Amino acid sequence: MSNVLAIAHKELKGYFASPIAYVVIGLYAIMFGYFFYALLLYFDRQSMQMAGLGASQPVNVNEQLIRPVFLNTTVIFLFILPMVTMRTYSEEKRSGTIELLLTAPLTDFQIIAGKFLGAMGLYAAMLAVTIPHVAALFWLGNPEWIPIVVTYLGLLLMGGCFISVGLFISSLTKNQIVAVMATFTVFLMLWVINWIASFMGPRTQDVLNYLSITDHLDDFTRGVIDTKHLVYYISFISFGLYLTMRSVDTERWRG
Amino acid sequence: MIEVQNLTKRYGPVTAVDDVSFKAERGEILGFLGPNGAGKTTTMRVLTGYMPATEGKALVAGFDVLEQPIEAKRRTGYLPETPPLYPDMTVSDYLAFCARIKGVPRSERSSRLRSVMERTQIADMANRHCAKLSKGYRQRVGLAQALLHNPDVLILDEPTAGLDPKQIIETRRLIKGLGGDHTVILSTHILPEVSQTCNRIVIINKGRVVAVDTPDNLTARLRGSETMYVQVDAMGADAETTLSSVPGVTRVAVSDRRETVAGYEVNSESGRDVRRELAATVVSRGWGLLELRPMRMSLEEIFLQVTTEESVTTEDAAAGDAAAEASRE
């Protein structure tokens with residue numbers, strides 16, 4: 001475990017020593033801020049109209065503001081996370097530092113888990129940017145906090161899926177541009193894979209819907225932790241990390 | 001301490017290392033000598049557990065590098081051909097990270113760090129970013145990294161490449177000082193380096209071991225006939241034929257000549273000392289005998305001899321290693 005943390009610490013420091021962390025967090029902050037502002041305007045108009053109509057039920061901040069904001073902003077990760085994972089392996093392979101890691105008394109799993117945790121750390125820092133926005137809502141209104149916590153949990157799991165795929169792709173190439181483009185393509189495919197679902201047979205439809213990474217986030221944003229989705233996310237992450245391990249091992253045999 | 005048995009490494013159809021076996025005892029400095037693309041780097045990478053061998057076994061401190069990689073790696077320090085530095089880290093951060101992943105106990109880390117930085121003379125660069133280091137410093141930081149966990153075995157891939165002459169001398173002295181406590185394998189294609197630092201030499205060519213011995217034995221073994229260097233002031237006369245007529249001399253060749261002074265390489269039948277006859281002949285002619293000394297075969301000559309006489313038709317072996325080395329660039 002100490003080895004895993006050593007690698008994770010090194011990775012995280014690496015992000016912050018290079019411009020990557022600042023660019024990634026900055027871009028996310030700008031985009032999240034804009035999304036939040038836009039949806040806040042909608043929410044504002046909506047609640048005005050509701051009040052004008054004399055609706056008996058007050059508007060729900062969780063359902064009508066926080067949930068749409070997080071569901072809509074997941075698209076930002078599609079663009080940003082490939083930039084986080086692209087260098088994890090590619091850079092080490094290109095510069096030869098992979099020789100240091102592979103000849104140190106570490107198992108492949110420790111290296112991979114460390115890199116995964118490091119990237120997750122940066123991702124968590126990105127999510128932390130959203131906390132002031134949400135906190136402001138607590139100051140102005142009274143949203144429920146449980147669905148918000150569950151949403152963050154769901155976001156962490158979803159990001160974990162993206163990062164595990166990104167790690168795997170980065171382990172396949174020493175070219176960062178190739179890594180970032182391939183990762184982006186795979187993310188996008190995982191995103192839109194269920195678009196064709198309604199044209200398929202019932203079996204295929206189920207499979208395609210199940211594969212879509214973001215569909216599983218929906219229940220989390222409602223504040224529901226469904227084992228089905230937990231199993232999906234955790235097995236997805238495990239599979240991604242397993243593929244990375246196989247890839248690193250294969251590379252070793254091929255030399 | 002290090003044992004390599006019938007090691008073979010193939011990259012697809014090409015054989016980079018072909019049935020290599022050798023041993024190194026505790027405290028020994030073993031020179032790994034060979035032309036570029038001979039399979040030195042590949043052999044070292046197998047020894048360090050960076051890549052597995054196709055066939056054969058490698059043991060480090062009694063542990064099989066494939067079966068018990070963690071135990072073997074814990075006892076190995078490795079300096080790859082390009083020092084594996086993280087450009088964004090400062091030297092001391094880098095070494096602290098290395099100490100951590102190499103399992104140096106927390107309480108000893110700072111003292112180990114200080115001692116290796118002192119030993120490799122990089123203490124003044126501790127807070128410099130690795131990206132800003134000169135080639136010589138990079139090499140030394142790489143060496144410091146290999147020494148951090150005080151390993152039994154040190155594997156150094158061309159440790160003096162890219163250093164200036166002063167640094168080369170310092171690094172060689174450092175490596176010599178490491179022998180005794182550590183078993184060192186160093187690869188190089190610079191011959192004087194081996195004769196100056198190593199106790200034993202393994203010459204490898206096209207993936208095969210062509211000679212294993214001490215530098216002195218290699219020199220003696222390969223010196224088939226005796227060669228003398230004779231410098232004569234013959235006052236314009238032709239000394240070459242005169243020297244050839246001395247009994248026991250098999251061949252005379254001019255090696256240098258300026259004005260009336262000429263130097264000759266004189267080969268004689270093996271085991272026969274012709275120095276007395278040579279001196280007597282020169283003096284009897286009334287010439288000046290300026291120099292007369294036995295010539296030892298230099299390592300360069302030995303190296304050329306063993307790497308060319310063994311002309312096995314495995315051209316692709318060298319090509320394979322070259323390809324492997326290129327793929328790393």
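Modeller: An angle between two helices runs from 0 to 180 degrees between their N-to-C directions. The structure discussed here is a predicted model.

Colleague: At what angle do helix 1 of chain A and helix 3 of chain B pack, and is their arrangement roughly parallel or roughly antiparallel?

Modeller: Helix 1 (residues 2–17) of chain A packs with helix 3 of chain B at an angle of about 155°, and their axes are 9 Å apart. Angles over 145 degrees count as roughly antiparallel. Therefore helix 1 of chain A is, relative to helix 3 of chain B, roughly antiparallel.

Colleague: Is the crossing of these two helices left-handed or right-handed, and which residues of helix 3 of chain B make the contact?

Modeller: Helix 1 of chain A and helix 3 of chain B have a left-handed crossing. On the side of helix 1 of chain A, the contact is made by A:N3, A:A6 and A:K10. From helix 3 of chain B come B:F97, B:R100 and B:I101.

Colleague: How many residues does chain B give to its contact with chain A, and how do they divide into nonpolar, polar and charged?

Modeller: Chain A contributes 18 residues, and chain B contributes 22 residues. Among the elements of chain B that give two or more residues is helix 12 (315–328). The residues on the side of chain B divide into 4 polar, 6 charged and 12 nonpolar.

Colleague: In which helix of chain A is confidence lowest?

Modeller: Chain A has a mean pLDDT of 90, with 98% of its residues at 70 or more. Confidence is highest in helix 6 (residues 108–128) of chain A, at 95. The lowest mean, 85, belongs to helix 10 (residues 202–211) of chain A.

Technical notes:
Residues numbered from 1 in each chain as written. Chains lettered and ligands numbered in written order. Predicted model: local features only at pLDDT ≥ 70, side-chain atom pairs only at ≥ 80, totals over all residues. Contact = placed C-beta atoms within 7 Å. Helix = DSSP H or I, 4+ residues; strand = E, 2+ residues; numbered from the N terminus. Nonpolar A, V, L, I, M, F, W, Y, C, P; charged D, E, K, R; others polar. pLDDT = per-residue confidence, 0-100. Parallel < 35°, antiparallel > 145°, perpendicular 65-115°, else oblique. Left-handed = near helix turned anticlockwise from the far one by under 90°.
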